[in-house]
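Please open the structure in your viewer and keep the selection panel at hand.

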Amino acid sequence: MGLCASAQDTKDFDSIPIQGEDKGDNKQAKPQQKTDIPIESYPDGLSVKNGCLVGSPIHKEIVFDACFTNDPFVYLTCSDDKTVVRYDWFHGKVLNRWNFHTKSVNKVRYAHQLDYVLTASRDTTVGLIKLTDTQPTLFKGHTLNVQALDINPVDNNQFVSGSRDYSVRFWDINQATSTNNFSIHQNVVTALKWVPSETCVIQTSEDLIMRAWDPRMSQPAQIWQDGAYFALCCDVSPDGRYIVTSHNGFQSTGCEVKIWDRRKPGQQPLSVLGGHSESVPACAFVEENPFNTYDPADDENGELGDQLNGQGSLGVRSSCTVDERRASGMNIKISYMHHKDAKPEDLHEAHRNAGYVPVDEQLYVVTASKDQSIKLWDLKTGNIVTSVQIEHSNTHNALAYFPPTKASVQTLHQAQKQYIQSKRAKSADFDLSSVPNYIKNPNYGFLVSGCVGGFPSTWGVDMQEHDLILCHRNRRPPAQ
């Protein structure tokens, strides 16, 4: 128990050919193409194929959840294979692998103030481990599968967990005990989200009721009727005013995204957004880029700005209705629906949701579905502004968003300059189309999605173009 392993633990995956990723999904083998040769090989097992970094598998089973650490280039994932991984996608390295749970790990969270990892497992325990430790602390109290988890963003010494045993428990790490336990019959907890700068926690349930819990009260502080299809995930806007929930469903029935006003408990949602065709297990608020630190004039020679045409990003995709790209060598096809020039008669997802009630601030929500798509929604209009669907990627289970920071922008800007300078040194006719996606725009925020196939994907979130760009993807694990 408590074993912490290095990147060498995945060496049995390294020989998997990328060209054979979907071999089990197709009866007829696809011929190899010469374009499958990497544009450029990177250390630590990374390669670039059509601008996308490709790394070795990091899990053998379904990825149930993912979250970022303090570094946008390092995230945590948990899986049905009972492990939790800290992964550096920028360099393709597994930094830590923990396997202290005895059953599937459902949720993982990172304490940004105190540098510890929190996990929720089917073995009924919540695990806590610091990055420098090998032995975890296990919090016991639940009697069934622990499905939900979140950390107090203001005081990382407090966290909350929810289980199929109908209970929501508040915990104090310093005391190593549960400080509050709320139990309501049939309240099978599906998701938890701590409201920023408050003591309240939003909770969704299979009993079709959304609750706000305050540990200072003996009953729910607020209640909303959730509808006919229970919520699988929830998130709260940064100012704490709005809630987004994503729901269970199938064949375009119940596969909804709902926007709620926290100031109006007991009322119906502001709007119900349709567009997914299967269950929507993940949702998150996305903020507009609060700053734009990149200026082509920063290039000391002025040449970089010329190559960028003053746009501040490399190879920005032109506006289009549908852009289908085959990521050569990965046997996947990525279909993009962009908001510019999109026609409802061409793409039913590009509609304005009927009767939509706009929020009174500029907010965006990103959702991931079992229909293999990720969608970015504009809550001012109710429109889907970008939809990305990856064939052969199985289905999406989790999402985590990291907004652009000054540190991440500076890192990407420096990487962009170094990359172009090294290419120019070799050839004056350097082709910008070969630049890896992850440095095409230094102002990216990042999104990590977890998939049923056992591999996460990292996306650049370009809020200037309202676009999602695939930056990194792990290969699938071998067939069992």
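Begin with the lining of the largest pocket, whose residues divide into 30 nonpolar, six polar and seven charged. The model is predicted, and this pocket has a volume of about 1,100 Å³. Next, select His112, Asp150, Lys193, Asp235 and Tyr401: of the 43 residues that line the largest pocket, these are the closest to its centre.

Now display the strands around the pocket. Those that give two or more residues to its lining are E5 (63-68), E9 (105-111), E13 (146-151), E17 (189-194), E21 (231-236), E25 (282-286) and E31 (396-402). Which element gives the largest share of this lining? Select E31, which supplies six residues.

Proceed to the second largest pocket, with a volume of about 460 Å³. Select Phe64, Lys107, Gln147, Thr190 and Leu232, which lie nearest its centre among the 16 lining residues. How do the residues of this lining divide? Four are nonpolar, six are polar and six are charged.

Finally, colour the model by pLDDT. The mean for the protein is 78, and 73% of its residues reach 70 or more. Select residues 1-44, over which pLDDT stays under 50; the model has 90 contacts beyond four places in sequence for this stretch. Then select residues 293-332, where pLDDT also stays under 50 and the model has 105 such contacts beyond four places in sequence. Where pLDDT is low, predicted coordinates should not be read in detail.

How values were computed: Residues are numbered from 1 along each chain as its sequence is written. This is a predicted model: local features need pLDDT of at least 70, side-chain atom pairs count only at pLDDT 80 or more; totals for chains, interfaces and linings use all residues. Side-chain values use heavy atoms; hydrogens and water are left out. On a 1 Å grid over the protein atoms alone, a cavity is a set of points where a 1.4 Å probe fits but cannot get out, and a pocket is an open set with protein on both sides within 12 Å along at least five of seven lines; lining residues have an atom within 4 Å of a point. Grid points are joined across faces, edges and corners, and a volume is the space filled by probe spheres set on the points. Helices (H or I, at least four residues) and strands (E, at least two) are DSSP runs, numbered from the N terminus. Ala, Val, Leu, Ile, Met, Phe, Trp, Tyr, Cys and Pro count as nonpolar, Asp, Glu, Lys and Arg as charged, and the others, Gly among them, as polar. pLDDT is the predictor's confidence in each residue, from 0 to 100. Contact means heavy atoms within 4.5 Å.
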